[in-house]
Amino acid sequence: MISSRLYYASMMLFWVCYLSLLALVVTYAPQGGIELAGLTLFADSGLVDSAIAAMQAIGLSPVGQSVVFGLLGGFSAASAGLLLFAMIFYVFGQEREQREARPLAQGAVACTVLAAMLSTLVFFAGGQAGALLALEFGALGGLFLTVMSLAQARIEPDDVVEEGLGELDQVIADHAANHAAFSAQLASFSRHGTQS
């Protein structure tokens, strides 16, 4: 079952990285990129040009455009975070944590749905269709398939906990048997003592 966990871990880790990069692109590309260790990252990205053109066609102010990009980045970052916790719960958790991984992954899909809906609304209202829209729907489709396959995955029972409970039950049974034997001997002794 370790190979199954590694398979889901690699699949979810890919989407975590994808969504994190998507959040960084929509956050920093409209601002001309970000300087990091002498490098300019996400500068002059053509991924957001069509989104900016669509928002300008709608008549959104620069502040409104920043809000839209902030929402898109926030939804993508939230989705990546939820999926990261789902991956940790499923790969490293016991049975209870593995069951909690599915609602977290479904929450990641819900955040991606909101981002895709917002980008669709902006692009269609502005009469544009760009790469950002395709990336949002690619993330949505991939996450949906990941959650569907995660829902079909078998959850491993907690063998260690079950063994621990079995040992505890055995100790209790032995203790009860010893007390029952002692009580029987005491009753037998007291009966013999009263008869004599």
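Helices α3 and α4 pack with their axes 8 Å apart, at an angle of about 165°. That angle makes α3 roughly antiparallel to α4, since angles over 145 degrees are counted in that way. The crossing in which α3 passes α4 is left-handed. The model described here is predicted.

Helix α3 spans residues 62–92, and helix α4 spans residues 95–125. Ala77 lies in α3. The C-alpha atom of Ala77 is separated by 9.4 Å from that of Ala108, and the two residues are 31 apart along the chain. Ala77 is partly exposed, with a relative accessible area of 42%.

**Helix packing**

The table gives the axis separation, the angle and the handedness of each pair.

| Pair | Axis separation | Angle | Crossing |
|---|---|---|---|
| α3 and α4 | 8 Å | about 165° | left-handed |
| α2 and α3 | within 10 Å | roughly 135° | right-handed |
| α4 and α5 | within 9 Å | roughly 160° | left-handed |

The axes of α4 and α5, the latter being residues 131–152, cross at roughly 160°. That makes α4 roughly antiparallel to α5. Helix α2 covers residues 49–58, and its axis crosses that of α3 at roughly 135°. Helices α2 and α3 are therefore oblique to each other. An angle has to be over 145 degrees to count as roughly antiparallel, and the α2 and α3 axes cross at roughly 135°.

**Overall layout**

The protein has six helices and two strands. Read from the N terminus, its elements follow the order α-β-β-α-α-α-α-α. It has 196 residues, and 34% of them count as buried.

Val25 is one of the buried residues, with a relative accessible area of 9%. This residue lies in helix α1, which comprises residues 2–28. Between the C-alpha atoms of Val25 and Leu41 the separation is 9.0 Å, and the two residues are 16 apart along the chain.

Side chains of opposite charge can pair when their charged atoms come close. Both residues belong to α4 and are four residues apart there, so Glu100 and Arg96 are separated by about one helical turn.

The two partners fall into separate accessibility classes. Arg96 counts as exposed, at 62% relative accessibility, whereas Glu100 is partly exposed, with a relative accessible area of 33%.

**Nonpolar patch**

Which residues make the nonpolar surface patch? Leu84, Phe85, Ile88 and Phe92 form it, and its area is about 410 Å². Leu84 is found in helix α3. With a relative accessible area of 33%, Leu84 is partly exposed.

Definitions and conventions: Residues are numbered from 1 along each chain as its sequence is written. This is a predicted model: local features need pLDDT of at least 70, side-chain atom pairs count only at pLDDT 80 or more; totals for chains, interfaces and linings use all residues. Side-chain values use heavy atoms; hydrogens and water are left out. Buried means under 20% relative accessible area, exposed over 50%, partly exposed in between (1.4 Å probe, protein chains only). Patches are made of residues with over 30% relative accessible area and no salt bridge: like charges are joined within 9 Å, nonpolar side chains (Val, Leu, Ile, Met, Phe, Trp, Tyr) within 5 Å. Accessible areas come from the Shrake-Rupley method with a 1.4 Å probe; for residues, only the protein chains shown count as cover. A salt bridge is a side-chain nitrogen of Lys or Arg within 4 Å of a carboxyl oxygen of Asp or Glu. Axes are lines fitted to C-alpha atoms, for helices over the stretch in contact, and angles run from 0 to 180 degrees between N-to-C directions. Angles under 35 degrees count as roughly parallel, over 145 as roughly antiparallel, 65 to 115 as roughly perpendicular and the rest as oblique. A crossing is left-handed if the near helix is turned anticlockwise from the far one by less than a right angle, and right-handed if clockwise.
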